Amino acid sequence: MTTVVELEIPADRLGAAQTFDRVPTFECQIGGMIGDSPPLVWVSGPNRRRVRDALEADPSLTIIASLTGSNQHTETNDGLGEREQWLFRLEFGDELKLFEQIVAENAGAILTACGQNGTWSVKLLFHDRSALSECYALFEQYDYAVEVTRLTGIDDFESARTPLTQTQYETICTAYDLGYFDIPREITLKELAGELDVSHQALSERLRRCHAALVSAELTDGMQPTPIDL
């Protein structure tokens, strides 16, 4: 099933970390990532000169071209006004290039990539859940420190009623059926881990993610972060 996964990645693992440090209000959105060509990037900040100076000083970036002769305006995230944006073609360092390679080699596609407050928010599309799992494992191997904030199957997005992944859903159902949530408990965490054939630590972390996802969804009355269990 086609799956869209949304990730958050620290800028020091993907690129532009020094720019975010130098310009706290710096924001950017990659407008197109095609093959090996340096991407087009919309950037914003306090003013064009300060943003350009920060980009030029950032060792993870190289400015190939400044492509806007006049300013582009877009609505701010809080909806209270507009901010100026400028279009650059930027050459990113090896971290982003490796990230792109990992996604491409696992039959994935980068839909969007936005940077704000020292963090990249990236949306990826995969046609096969197993390919996503392999890609995620490589992200961990190369220490990208990714955090999955949402996982959605395109085919069932509209009808989805739970913020849990399939693994989380099956885990919490098994725990409930076997009496883990009863008072007193009918089964210990260690015994439940044995039933599910996972380690005690892995099960503890998985249940915490389940609880966090369910509480978040209940408090906001909507679907919220959906971590991957691998």
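Q: Which residues does Glu-56 touch, not counting residues up to four places away in sequence?
A: In this predicted model, Glu-56 touches Arg-49 and Ile-63 once residues up to four places away in sequence are left out; the term applies because contact means heavy atoms within 4.5 Å. Glu-56 itself belongs to helix H3, residues 48-57, and its C-alpha is 8.9 Å from that of Thr-19, although 37 residues separate Glu-56 and Thr-19 in sequence.

Q: Why is Glu-56 called partly exposed?
A: Its relative accessibility is 46%, and partly exposed covers what lies between buried, under 20%, and exposed, over 50%; Glu-56 therefore counts as partly exposed.

Q: How do you know whether Glu-27 is buried or exposed?
A: Glu-27, placed in strand S2 (residues 27-32), has a relative accessibility of 16%, and since buried means under 20%, Glu-27 counts as buried.

Q: What makes the link between the side chains of Glu-27 and Gln-116 a polar contact?
A: The two side chains are joined at 3.0 Å, and a polar contact asks for a pair of N or O atoms within 3.5 Å, one able to donate a hydrogen and the other to accept it; the contact between Glu-27 and Gln-116 is therefore counted as polar.

Q: Why does Ser-199 count as partly exposed, and where does it lie?
A: Ser-199 lies in the loop between helix H7 (189-196) and helix H8 (200-220), and it counts as partly exposed because its relative accessibility of 42% falls between the limits of 20% and 50%. A polar atom of the Ser-199 side chain is 3.0 Å from the backbone nitrogen of Ala-202, while Ser-199 and Leu-189, 10 residues apart in sequence, have their C-alpha atoms 9.9 Å apart.

Q: Why is Asp-197 called exposed?
A: Exposed means over 50%, and Asp-197 has 70% relative accessibility, so it counts as exposed. Asp-197 is found in the loop between H7 and H8, and its phi is near 60°, a positive value in a residue other than glycine.

Q: What makes the lining of the largest cavity nonpolar, polar or charged by class?
A: The lining consists of Leu-14, Ile-30, Leu-96, Phe-99, Ile-110, Ala-113, Trp-120 and Val-122, and because Ala, Val, Leu, Ile, Phe and Trp are among the types that count as nonpolar, the tally is 8 nonpolar, no polar and no charged residues. Helix H4 (94-105), strand S7 (108-116) and strand S8 (119-126) each supply at least two residues of this lining, and the cavity holds about 40 Å³ of space.

Q: Which residues have the most contacts inside the largest nonpolar core?
A: In this core of 40 residues, they are Leu-7, Phe-99, Trp-120, Leu-124 and Phe-139. The largest share, 5 residues, comes from helix H5, residues 129-141. Leaving aside neighbours within four places in sequence, the contacts of Phe-139 include Leu-7, Phe-99, Leu-124 and Tyr-144. Another core of 8 residues, including Tyr-180 and Leu-203, lies apart from the largest one.

Conventions:
Residues are numbered from 1 along each chain as its sequence is written. This is a predicted model: local features need pLDDT of at least 70, side-chain atom pairs count only at pLDDT 80 or more; totals for chains, interfaces and linings use all residues. Side-chain values use heavy atoms; hydrogens and water are left out. On a 1 Å grid over the protein atoms alone, a cavity is a set of points where a 1.4 Å probe fits but cannot get out, and a pocket is an open set with protein on both sides within 12 Å along at least five of seven lines; lining residues have an atom within 4 Å of a point. Grid points are joined across faces, edges and corners, and a volume is the space filled by probe spheres set on the points. Helices (H or I, at least four residues) and strands (E, at least two) are DSSP runs, numbered from the N terminus. A nonpolar core is a set of buried Ala, Val, Leu, Ile, Met, Phe, Trp, Tyr and Cys residues joined through side-chain atoms within 4.5 Å. Buried means under 20% relative accessible area, exposed over 50%, partly exposed in between (1.4 Å probe, protein chains only).
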